[in-house]
Each structure stands twice: as structure tokens, then as C-alpha cells.
Amino acid sequence: MKLSLTISLSKSPSKATILIFFAFQSAKQQLNTAGGVDITINDIIIKAAGLALRDIPDVNSQWHGDVIHTFRNADIAVAVDTGNSHITPVVRAANTKTLSEISADVKELADKAKNNDLAKEEIEVEFEITF
């Protein structure tokens, strides 16, 4: 009995992960059908991180000497494979953008990265997500 309980408990996190994945896939499919824009799971994660940083501002802050600076917006860098290397352009103010806007920004920044056409301000960031 104890062994069965241990085995079933150890499988629960895997089942939860699978359920979350299918929830993301379902949400992605519904968003793409409704909006006509190709929203990716990465776009959803960027939006979620932006909202989390908005809702928990202590996480979206840095030490500057003896002062803590809290950022108003969530600027999130996303790694892009350029073919030769990786670079992390920044989706600015992800907490204020719609999924469609985030998706468009990511696509534009990825194209610029692949063409070596990013400006300095497009790669400076406080918070980064790497997939």
C-alpha cells in the first residue's frame, strides 16, 4: 500500500505538467482561431511573465547602491538563435501589451537579430527568459 501511494504521488507532478502543456496548447489554438494571429506558447509565457512582474513589483527591481529601484514596466529579453549565435532582444513593456502585440514584437526582433540589425536599446534588459 505504501509503495503504491509513493509511486502515485511521484507521478502527480508529471501529470500536472502534461495537463498544463495541454491547457497551453488549447489556449493557443483558441487564440489563433479567434484572432487570426499566430500566437506561440513563448508569446503566452512572455505575457505571463510581464503580468507577474507587474503584480509582484519586488521581483522587477534592482539594487542601485543603497537604494532599490523598482521598474514600472516589464522589459523581457527572449533568446533568438541567429544561426551563428544567440542574442536576446527585448520585448519592451510586455506587461502592457496584448498577445498579438507581443507576437508581432518577437517576430520583428527575431528578424532583426537574424539580419544583424538590432539597435543597442533593443538588447539592454533587466529580466530575461531563455527557451
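1. Along the sequence they follow the pattern α-α-β-β-β-β-β-β-α-β. Note that this is a predicted model.

2. The protein chain has 131 residues, and 25% of them count as buried. Take the contacts between residues at least 6 apart in sequence: 52% of these join residues at least 24 apart.

3. Helix 3, geometry. Helix 3 covers residues 99-114, which is 16 residues. From first C-alpha to last it reaches 22 Å, close to the 22 Å expected at 1.5 Å a residue. Just past the helix, Asn116 takes a positive phi of about 55°.

4. Helix 3, burial. Which residues of helix 3 are buried? They are Ile102, Ser103, Asp105, Leu109, Ala110 and Ala113. Viewed down the axis of helix 3, the buried residues fall within an arc of 165°, so they line one face of the helix. An α-helix has 3.6 residues a turn, so residues three or four places apart point the same way. The partners of the buried residues of helix 3 are helix 2 (41-55), strand 4 (80-81), strand 5 (86-87) and strand 6 (90-91).

5. Helix 2. Helix 2 has 15 residues and should span 21 Å at 1.5 Å a residue; its end C-alpha atoms are 21 Å apart, which agrees. The buried residues in helix 2 are Asp43, Ile44, Ile46, Lys47, Ala49, Gly50 and Leu53. Arg54 also sits in helix 2. Its relative accessibility is 45%, so Arg54 counts as partly exposed; the band for that label runs between 20% and 50%. Arg54 and Thr96 lie 42 residues apart along the chain, with their C-alpha atoms separated by 9.2 Å.

6. Nonpolar core. The largest nonpolar core has ten residues: Ile46, Ala49, Leu53, Ala74, Ile76, Val78, Val91, Ala94, Ile102 and Leu109. Helix 2, strand 3 (76-78) and helix 3 are the elements that give two or more residues to this core. Helix 2 gives the most, with three residues.

7. Ala94 is one of the residues of the largest nonpolar core, and its place is in the loop between strand 6 and helix 3. Is Ala94 buried or exposed? At 0% relative accessibility, Ala94 counts as buried, because the label applies under 20%. Leaving out residues up to four places away in sequence, Ala94 touches Ile46, Lys47, Gly50, Ala74, Ile76 and Ile102. Ala94 and Ala48 are 46 residues apart in sequence, yet 8.9 Å apart C-alpha to C-alpha.

8. Largest pocket. Rolling a probe the size of a water molecule over the atoms shows where empty space is left. The largest pocket holds about 230 Å³ of space. It is lined by 14 residues, of which Asn42, Val78, Ala79, Val80 and Val106 are the closest to its centre. Helix 2, strand 4 and helix 3 each supply at least two residues of the lining. Which element gives the most to the lining of the largest pocket? Helix 3 does, with five residues.

9. Where the points meet. Helix 2 leads in the core, whereas helix 3 leads in the pocket lining.

Methods. Residues are numbered from 1 along each chain as its sequence is written. This is a predicted model: local features need pLDDT of at least 70, side-chain atom pairs count only at pLDDT 80 or more; totals for chains, interfaces and linings use all residues. Side-chain values use heavy atoms; hydrogens and water are left out. Helices (H or I, at least four residues) and strands (E, at least two) are DSSP runs, numbered from the N terminus. The expected span of a helix is 1.5 Å times one less than its number of residues. Buried means under 20% relative accessible area, exposed over 50%, partly exposed in between (1.4 Å probe, protein chains only). The arc is that of the directions from the helix axis to the C-beta atoms. Contact means heavy atoms within 4.5 Å. A nonpolar core is a set of buried Ala, Val, Leu, Ile, Met, Phe, Trp, Tyr and Cys residues joined through side-chain atoms within 4.5 Å. On a 1 Å grid over the protein atoms alone, a cavity is a set of points where a 1.4 Å probe fits but cannot get out, and a pocket is an open set with protein on both sides within 12 Å along at least five of seven lines; lining residues have an atom within 4 Å of a point. Grid points are joined across faces, edges and corners, and a volume is the space filled by probe spheres set on the points.
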